[in-house]
Amino acid sequence: MKTEDLGNSKILNMFFKPAGLLMGSRVRKWLMDPVKTLRIADVQLGQTILEVGCGTGFFTISAAQMVGDQGCILAMDASSGFLKEVDKKVRKANLENVSVIQRDALNTGLESESVDKVLLFGVIPFPLLPLDKLLPEMHRVLKPGGTMSVWLFPPLVHNWVPNIIIRSKLFEHINEQSNVYNYIRT
Ligand SMILES: C[S@@+](CC[C@H](N)C(=O)[O-])C[C@H]1O[C@@H](n2cnc3c(N)ncnc32)[C@H](O)[C@@H]1O
């Protein structure tokens, strides 16, 4: 079964619903300011950003406001249920610089060297996103000099992930703060 088909499945979307409520909850916003995390990831005005596994859009709206009219957010997820929530939030915020895309991130269908930054926030490691397939695809879509930011959650459990990224030789580590790891495409 293709990942997008899985993301359309009624049973899976029903199962994902409680996860979506948690992802977009006020408590999370209170505990974690999305703008602060996006600043650590060095999101800048005018950038084209691929947000992999945007979920219900916890980071999407703030990221779109930060890149402004000259930039754009490609908000990608496999789950149709989550993307409906993102779509609602985008319309409510009156944003025209967000493309909501239902797609398997292992095969984004985006042009090579077309994005300035990739955000992998709370999405790796995940069984549907094996790093040996995801990292080459992220490298392909990033422009030369483009960057990738990874927010690891929960941090201590997944502290082996940065080593895998470095060992791939596709990215070089720039810095790390508050569990956000920034990399540059080699
Ligand atoms: C734990 S959620 C994180 C959501 C969001 N980044 C956040 O922090 O609120 C992981 C997301 O990755 C998506 N996902 C998992 N595998 C995927 C794949 N192969 N392609 C696209 N999205 C995927 C899931 O549907 C889910 O929305």
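Is Asp42 buried, exposed or partly exposed, and how many other C-beta atoms lie within 10 Å? Asp42 is partly exposed, because 14 other C-beta atoms lie within 10 Å. By the convention used here, a residue with 20 or more other C-beta atoms within 10 Å of its own is buried, one with 12 or fewer is exposed, and anything in between is partly exposed; C-beta atoms are placed from the backbone.

Colleagues, what you see is a predicted model, in which local features need pLDDT of at least 70 and side-chain atom pairs count only at pLDDT 80 or more, while totals for chains, interfaces and linings use all residues. Residues are numbered from 1 along each chain as its sequence is written. Helices (H or I, at least four residues) and strands (E, at least two) are DSSP runs, numbered from the N terminus.

Let me stay with the backbone for a moment. Most residues other than glycine have a negative phi, and most peptide bonds are trans. Asp42, in the loop between helix H4 (34–40) and E1, has a positive phi near 60 degrees. Asn94 also has a positive phi, of about 60 degrees, although it is not a glycine. Asn94 sits in the loop between H6 and E3, and it counts as exposed because it has 6 C-beta neighbours inside 10 Å. Two peptide bonds are cis: Ile124 to Pro125, with omega near 0 degrees, and Phe153 to Pro154, with omega near -10 degrees. Pro125 belongs to the loop between E4 and H7, and Pro154 to the loop between E5 and H8.

I turn now to the helices.

In H7 (residues 131–141), Leu134, Leu135, Met138 and Val141 are buried. Viewed down the axis of H7, these fall within an arc of 135 degrees, so they line one face of the helix; the arc is that of the directions from the helix axis to the C-beta atoms. The face turned away from the buried side carries the exposed residues Asp132, Lys133 and Pro136. The buried residues of H7 pack against strands E1 (48–52), E4 (115–121) and E5 (142–151) and helix H8 (161–167), where contact requires C-beta atoms, placed from the backbone, within 7 Å.

Leu106, in the loop between strand E3 (98–102) and E4, touches Leu129, Lys133, Leu134 and Glu137, leaving aside residues up to four places away in sequence. Leu106 is partly exposed, with 16 other C-beta atoms within 10 Å.

Which residues have the most contacts inside the largest nonpolar core? They are Ile49, Ala63, Ile73, Val118 and Leu120, in a core of 47 residues. Such a core is a set of buried Ala, Val, Leu, Ile, Met, Phe, Trp, Tyr and Cys residues joined through C-beta atoms within 7 Å. Ala63 touches Leu38, Val43, Ile49, Glu51 and Ile73, again not counting residues up to four places away in sequence.

Finally, the ligand. It is surrounded by 20 residues, the closest being Gly53, Gly55, Ala105, Gly122 and Leu128; a residue is included if its C-beta atom, placed from the backbone, lies within 6 Å. Ala105 is 7.8 Å from Ala78, C-alpha to C-alpha, at a separation of 27 residues in sequence.

Conventions: Two residues are in contact if their C-beta atoms, placed from the backbone, lie within 7 Å.
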